Amino acid sequence: MSLKEESIYISIGSISLFFFVLYCVFAITAQQAIPFFGLTGFEAIKLVSYFFGFSYVVVELVSINRNITYLIAAIIFIFALLSSLLIQHELFLGQFLSLLFSVFAAKLINEINPTNVKYLLIPFWVYAFFIIFSLIENPNPNEVFVNSRNWISYYLIIFVIPYYFVKFKHNDDFSIIPSLLTFLLSVYSFGRSGIAASLFILLG
C-alpha cells in the first residue's frame, strides 16, 4: 500500500469511526427514551440515529475494497434495516446495534489506528456519566434504564471492551479507570453476570 493509499484508508477509517460512535450514542438514547435531547424529541433522535447508522454502513462499504464477506454482510444489514423500518414501521435499535457490532465492529476495531482508540470510549463515558448522574438523582438502579438494571453493566461492558482489545493487541499502556468504573457500577446494580464480566475485564 502506497503512502497516498494508506493516508486515504486512514481518513476513511476515521470517518467510519466518527459515524460508528455517534450511532452508538444516539441509538441507545432513542431505544431507552433517554431525555438527553428533550428539545428535539425522541422521533428526531431516531432519525438522527438512522442517519448515522446508514452513513456508517456506506463508509464501511467504501472501505471494503472488494472483500466479499463484508460486502454480503453490509447488504444483509441494509435490507434488514429497511425491512424493519418500512414493513414493520419500527426500527428495533437494540437488535441492530448488536448487529452492527457483530458485522462491522470487529473490522473497525481490528483495523483502527491506535492513536484513535481513545474515541472508542466516547459512548462509554456518555453513558457512564448518565448512569452516575441518574443514580445521584435516584439511587434505585432499576430506574436508570427501561425495564432492567442489567442494562447498566451491559452497555458499559460492550462499550469498554473494544478499547481494551485494541490496547492489548498493540501492547499499549491503558487506563484502568473505565474497567474499574464498570465493575463498581455493575456491583451497585447487583447484576451478577455484569459483575462477573466486568471483574474479568478489570483483572484481565
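Biologist: Is Phe-145 buried or exposed?

Modeller: This is a predicted model, so local features need pLDDT of at least 70 and side-chain atom pairs pLDDT 80 or more, while totals for chains, interfaces and linings use all residues. Residues are numbered from 1 along each chain as its sequence is written, and side-chain values use heavy atoms, leaving out hydrogens and water. Buried means under 20% relative accessible area, exposed over 50%, partly exposed in between (1.4 Å probe, protein chains only). Phe-145 has a relative accessibility of 4%, so the label is buried.

Biologist: How are the rings of Phe-130 and Phe-145 arranged: stacked, edge-to-face or tilted?

Modeller: Rings of Phe, Tyr and Trp (its six-membered ring) pair if their centres lie within 6.5 Å; planes under 30 degrees apart are stacked, over 60 edge-to-face, the rest tilted. The structure holds 18 such pairs. For Phe-130 and Phe-145, the centres are 5.7 Å apart with 45 degrees between the planes, and the pair is tilted.

Biologist: Where do those two sit in the chain?

Modeller: They are 15 residues apart and link distant parts of the chain. Phe-130 is in helix α5, and Phe-145 is in the loop between α5 and α6.

Definitions and conventions: Helices (H or I, at least four residues) and strands (E, at least two) are DSSP runs, numbered from the N terminus.
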